[in-house]
Amino acid sequence: MKSISVAPMRLAENRSVRLVGRVAFAVCFLGFSPLMLANAGVTNYKVVFSAIGVFLFGLAAATNLIGRADSLDLRGMEATKPLKATGLVLVVVISAAFIALWLLQIQEAK
C-alpha cells in the first residue's frame, strides 16, 4: 500500500510571496523599534501614533501575505503576479512611511 503525504507542497511561486511577507515583518520591526526609542524623551504623539498605525498595518498585511501563500500551498496552487506585485508594493509603502516618519521626527526635534 502506498502512503499518501499530507504535508503541503512548497511551490516556488509561493515561496517568493512568503519571503516578501517575512521582509515586510522585518521592515516593520526595524522601522518601528528605533523610532520608538528615538521618541522616548520627546512628546511627539503625532509620530508615535502614526508609527503604531504603520506598524500594525504592516503586521496585518505581512501576516495576510504569509497566510495566503500557505493556503495556496495547501491547495496546490501557485501565486499570481498581482499577489507578488502587491507584496512588493507593500514593502515599498511601509518603508516609505517609516522614512517619512523618521524625517518628521528629525524635523520636529530641531
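Biologist: What makes the contact of Asp-70 with Arg-18 a salt bridge?

Modeller: The side chains of Asp-70 and Arg-18 meet at 2.9 Å, N to O. A salt bridge requires a side-chain nitrogen of Lys or Arg within 4 Å of a carboxyl oxygen of Asp or Glu, so the pair qualifies. Asp-70 lies in helix α2 and Arg-18 in helix α1, so the pair ties together parts that are 52 residues apart in sequence. The whole structure holds 2 salt bridges.

Biologist: On what kind of model does this rest?

Modeller: The model is predicted: local features need pLDDT of at least 70, side-chain atom pairs count only at pLDDT 80 or more, and totals for chains, interfaces and linings use all residues. Residues are numbered from 1 along each chain as its sequence is written, and side-chain values use heavy atoms, leaving out hydrogens and water.

Biologist: Why are α1 and α2 called roughly antiparallel?

Modeller: The axes of α1 (residues 12-38) and α2 (residues 45-75) come within 8 Å and cross at roughly 165 degrees. Angles under 35 degrees count as roughly parallel, over 145 as roughly antiparallel, 65 to 115 as roughly perpendicular and the rest as oblique; α1 and α2 are therefore roughly antiparallel.

Biologist: How do you know the orientation of α2 and α3?

Modeller: α2 and α3 (residues 81-109) pack at about 165 degrees, with their axes 10 Å apart. By the cut-off of over 145 degrees, α2 and α3 are therefore roughly antiparallel to each other.

Notes. Axes are lines fitted to C-alpha atoms, for helices over the stretch in contact, and angles run from 0 to 180 degrees between N-to-C directions. Helices (H or I, at least four residues) and strands (E, at least two) are DSSP runs, numbered from the N terminus.
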